[in-house]
Amino acid sequence: MKLLFFLLCSCLISCGEDHKNTKTTLTKTAEPETSAPVEKVIKSEKEWRELLSPEVYRIARESGTERAFGPNYKAFKEKEKATGKTGVWECACCDHKLFKAETSFDSGSGWPSFYSVYSKNSVIEKTDNKYGWSRTEVICAKCDAHLGHVFKGERFNNPTDLRYCINAAVLKHSSESSSKESK
Ligand SMILES: [Zn+2]
């Protein structure tokens with residue numbers, strides 16, 4: 001975990017270096033609300049354990065995976081139906097905005113699937129070589145919770161040809177208007 005944190009810091013520092021050498025065009029292209037650097041939420045393992053349910057803790061903090069078509073997924077689909085795909089799906093650990101509900105699509109995988117993230121500051125993507133093949137892990141940019149993986153080129157009929165395959169347990173629904181407060 002310490003190594004991971006170190007790598008993350010190194011990445012952030014080197015990214016910061018890069019930005020110094022580029023022209024300042026970022027503010028023109030990004031939405032003002034979402035272009036600000038993400039303020040990290042850092043808690044101890046003990047604090048997360050106290051805050052989260054055992055299921056969410058196992059998935060978010062220990063890189064677990066929920067069962068496909070399990071109760072979490074069913075609850076997700078029910079919420080999606082009830083809200084008519086409006087609002088935002090936030091991180092269950094820290095309330096960070098992750099996905100617009102309207103970018104969800106039915107992949108048949110048994111996990112929530114999205115073709116795009118809420119903003120470029122929503123998640124961090126990193127290579128995951130567990131289980132002998134290379135995948136791209138998706139983690140919350142604010143609290144580093146493990147969310148799931150992203151797959152490219154699967155030819156689902158969506159605008160990006162991406163599938164963010166996310167554990168329903170780490171998603172919390174919020175309407176746009178009531179989600180402005182953050183911890
Ligand atoms: Zn989070």
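I'll start with the sheet. Three strands make up an open sheet, ordered S2-S1-S8, and the pairing is antiparallel. S2 and S8, the latter covering residues 171-174, are the edge strands; each has a single partner, so one side of each has no neighbour in the sheet. On average, neighbouring strands here are turned by 35° against each other, direction ignored.

Before going further: this is a predicted model. The average pLDDT of the protein chain is 84, and 77% of the residues score at least 70. Over residues 1-32 the pLDDT is below 50, and that stretch has four contacts in the model beyond near neighbours in sequence. Residues 178-183 also have a pLDDT below 50, with eight contacts beyond near neighbours in sequence.

S1 and S8 run antiparallel and are joined by four bridges. Cys 91 has Leu 171 in S8 as its bridge partner, and Glu 90 is bridged to Lys 172 in S8. On the S2 side, three bridges pair S1 with S2, again in the antiparallel sense. There, Trp 89 has Phe 99 in S2 as its bridge partner. S1 and S2 form a hairpin, with five residues between them. Asp 95 sits in the turn and has a positive phi of about 70°.

Now the chain as a whole. The protein chain has five helices and eight strands. In order from the N terminus, the elements run α-α-α-α-α-β-β-β-β-β-β-β-β. H5 has 13 residues and spans 18 Å from its first C-alpha to its last, close to the 18 Å expected at 1.5 Å a residue. After H5 comes Gly 84, with a positive phi near 60°.

Of the contacts between residues at least 6 apart in sequence, 56% join residues at least 24 apart.

The largest nonpolar core has 33 residues. Those with the most contacts inside it are Cys 91, Cys 93, Cys 140, Ala 145, Ile 166 and Val 170. At least two residues of this core come from each of helix H4 (54-62) and strands S1 (88-91), S2 (97-100), S5 (135-140) and S7 (162-166). S7 gives the largest share, four residues.

Where is Cys 93 placed? Cys 93 lies in the loop between S1 and S2. Is Cys 93 buried or exposed? Cys 93 counts as buried, because it has 26 C-beta neighbours inside 10 Å. Leaving out residues up to four places away in sequence, Cys 93 touches Leu 52, Ala 60, Cys 140, Cys 143 and Ala 145. Take Ala 60 from that group: Cys 93 and Ala 60 are 33 residues apart along the chain, and their C-alpha atoms are separated by 7.9 Å.

The other cysteine is Cys 140. Aside from its neighbours within four places in sequence, Cys 140 is in contact with Cys 91, Cys 93, Cys 94, His 96, Leu 98, Val 123, Ala 145 and Leu 147.

How values were computed
Residues are numbered from 1 along each chain as its sequence is written. This is a predicted model: local features need pLDDT of at least 70, side-chain atom pairs count only at pLDDT 80 or more; totals for chains, interfaces and linings use all residues. A nonpolar core is a set of buried Ala, Val, Leu, Ile, Met, Phe, Trp, Tyr and Cys residues joined through C-beta atoms within 7 Å. A residue is buried if 20 or more other C-beta atoms lie within 10 Å of its own, exposed if 12 or fewer, and partly exposed in between; C-beta atoms are placed from the backbone. Two residues are in contact if their C-beta atoms, placed from the backbone, lie within 7 Å. Two strands pair if DSSP finds at least two bridges between them. Axes are lines fitted to C-alpha atoms, for helices over the stretch in contact, and angles run from 0 to 180 degrees between N-to-C directions. The expected span of a helix is 1.5 Å times one less than its number of residues. pLDDT is the predictor's confidence in each residue, from 0 to 100.
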